[in-house]
Each structure stands twice: as C-alpha cells, then as structure tokens.
Amino acid sequence: MNVGKTSLLHRYMERRFQETVSTVGGAFYLKQWRSYNISIWDTAGREQFHGLGSMYCRGAAAIILTYDVNHLQSLIELEDRFLSLTDTASTDCLFAIVGNKIDLTDDAGGEDDAEDEPGKATGTCNSARAPKRVCLEDAMALYKKILKYRMLDEKEVPAAEKMCFETSAKTGYNVDYVFETLFDMVVPVILRQRAEGPSQTVDITHYKPAKQTQSRCCV
Ligand SMILES: Nc1nc2c(ncn2[C@@H]2O[C@H](COP(=O)(O)OP(=O)(O)OP(=O)(O)O)[C@@H](O)[C@H]2O)c(=O)[nH]1
Ligand SMILES: [Mg+2]
C-alpha cells in the first residue's frame, strides 16, 4: 500500500503526476502500444483487498511487484504477503520488481535525472550522502527467490539485472522504460502461444443452451 502503483500507471498513461487516492478494489487500463492493446490491472494495496490480487494475476503474462525504495518493509511484504497471490499467473509469467519514489533519495531520479539513460541504476546504495534506502541488490535477491518459489531455472528466464528497476512516478524517471521493456518481452510470447494453441477465451457468440429435459418431481 502507498508505494505508488497508481501513480506509476498515471505517469505512463497520462504523462503526468497527480494526487491519487488509495485504490479501491482495482482499476483497469488499456494501453495501445504499437499495434497491440495491452490490458493492465492496477491492484489495491489496502489489506481488505488483498484477496483480489490473485484474481487479477490469473493468466497474467507479466506482474510488476512494486515497493517503495525508502521503506524496506514494503519490499519484505512483497515476499511475505504478496508472492503467494501470484500463484494464479500463467507458468511463463514474467516478474519485474520495481522500487518506486527514487526521487525521495538523494542519489537518483530527481527532476534533472528524468532524461538519464533509462534502465541504468544510478548512485550508490546507502552512501554517506544518501539517506538510507533499499538497495537494488535486495530487489534482485527477491527476484531470485521468486524464481525458486516458482521452480524456474535461472538460465531460462530473464536475469535479475534485467527485471529489477528503480523509478520515480513523480519525475517520470524510468517509467516508460519499465512498461515498454516488459511489453517488448511479453508480446512475442503471447503471439507465439496464440499461434501454437487454441484460444483461451470462450466464444459465446454461437452458444446454444442445452435442451432442457422435463424435470420430474421426486419425493
Ligand atoms: N515523491 C514521490 N511520491 C510518490 C511517487 N509515487 C507515488 N507517490 C505518492 O505516494 C502516495 C501513494 O501513491 P499511490 O500511487 O496512490 O500508491 P498505491 O501503491 O497505488 O497505493 P494503494 O492504491 O493504496 O495500494 C501518493 O501521495 C503519491 O503522490 C514517487 O515516485 N515519488
Ligand atoms: Mg493505488
């Protein structure tokens, strides 16, 4: 809760940072990216909505686990409380871990850094000059735990260095890069699955209800 999931989506979809209210239930976004329509669910971090998380993850091609780089507890909770909610994701689902609010630390993602080389982790973690913050290495360690949890072979999935990001929804730092890196990875997988197997959606346009048999009363 409060790590900036909705703000990241606003920044990406609407190109701006605006005040948010804590998400109720969840919110759906549709992004036209190149020639594809990408569906994105914004989940609610508040405790009473945690149960919904597994519903939003069902069949997901990618999941972005978000924490606040200024609160180690938010990274710990990703593992302790949220990881099990991703059990409903498809087996080849990609995981990205995003540390948001990097602008609140001294060392990266300030207004002037918004145009920095995307994807590049800047600054040193917990240097004398920077306030204490979560290290990118901690996020990478979680990524490796996720692979273990999902019994995936490290050699067959993208490396932790590629899937752990630091962002600022406030300045825009790395935000496009996160979403578009994932889209670039996910779209070919979905296209390949579509070409190989039957559609996973149910076509109800030609649905005919089964003939009703006369019900008999039984005593
Ligand atoms: N400084 C700074 N503040 C941010 C950033 N992203 C979000 N915030 C602020 O953090 C607070 C929470 O942001 P939200 O986007 O609503 O967080 P959320 O994760 O969607 O929260 P829930 O919907 O309750 O789970 C708001 O006051 C935002 O303005 C950021 O990158 N930098
Ligand atoms: Mg929200």
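Me: Which backbone atom does an oxygen of ligand 1 find at Gly4, and at what distance?
Reply: In this predicted model, an oxygen atom of ligand 1 lies 3.0 Å from a polar backbone atom of Gly4, a polar contact (a pair of N or O atoms within 3.5 Å). Local features need pLDDT of at least 70 and side-chain atom pairs 80 or more, while totals for chains, interfaces and linings use all residues.

Me: ok, and what about Gly45 and Lys170?
Reply: A polar backbone atom of Gly45 is 2.7 Å from an oxygen atom of ligand 1, and a backbone N or O atom of Lys170 is 3.3 Å from an oxygen atom of the ligand. The protein covers 90% of the 650 Å² of accessible area that ligand 1 has on its own (Shrake-Rupley method, 1.4 Å probe).

Me: How many residues surround ligand 1?
Reply: There are 21 residues around ligand 1, and the closest are Lys5, Ser7, Thr20, Ser22 and Asp103, where a residue counts if one of its heavy atoms lies within 4 Å. Residues are numbered from 1 along each chain, chains are lettered from A and ligands numbered from 1 as written, and side-chain values use heavy atoms, without hydrogens or water.

Me: Switching topic, is Ser168 buried or exposed?
Reply: Ser168 counts as buried because its relative accessibility is 0%, and buried means under 20% with a 1.4 Å probe, protein chains only.

Me: And what does the Ser168 side chain reach?
Reply: The side chain of Ser168 reaches the backbone nitrogen of Lys170 at 3.2 Å, and also that of Thr171 at 3.0 Å.

Notes: Polar contact = N/O pair within 3.5 Å; in protein donor to acceptor, adjacent residues only side chain to side chain. Buried < 20%, exposed > 50% of the residue type's maximum accessible area, 1.4 Å probe, protein only.
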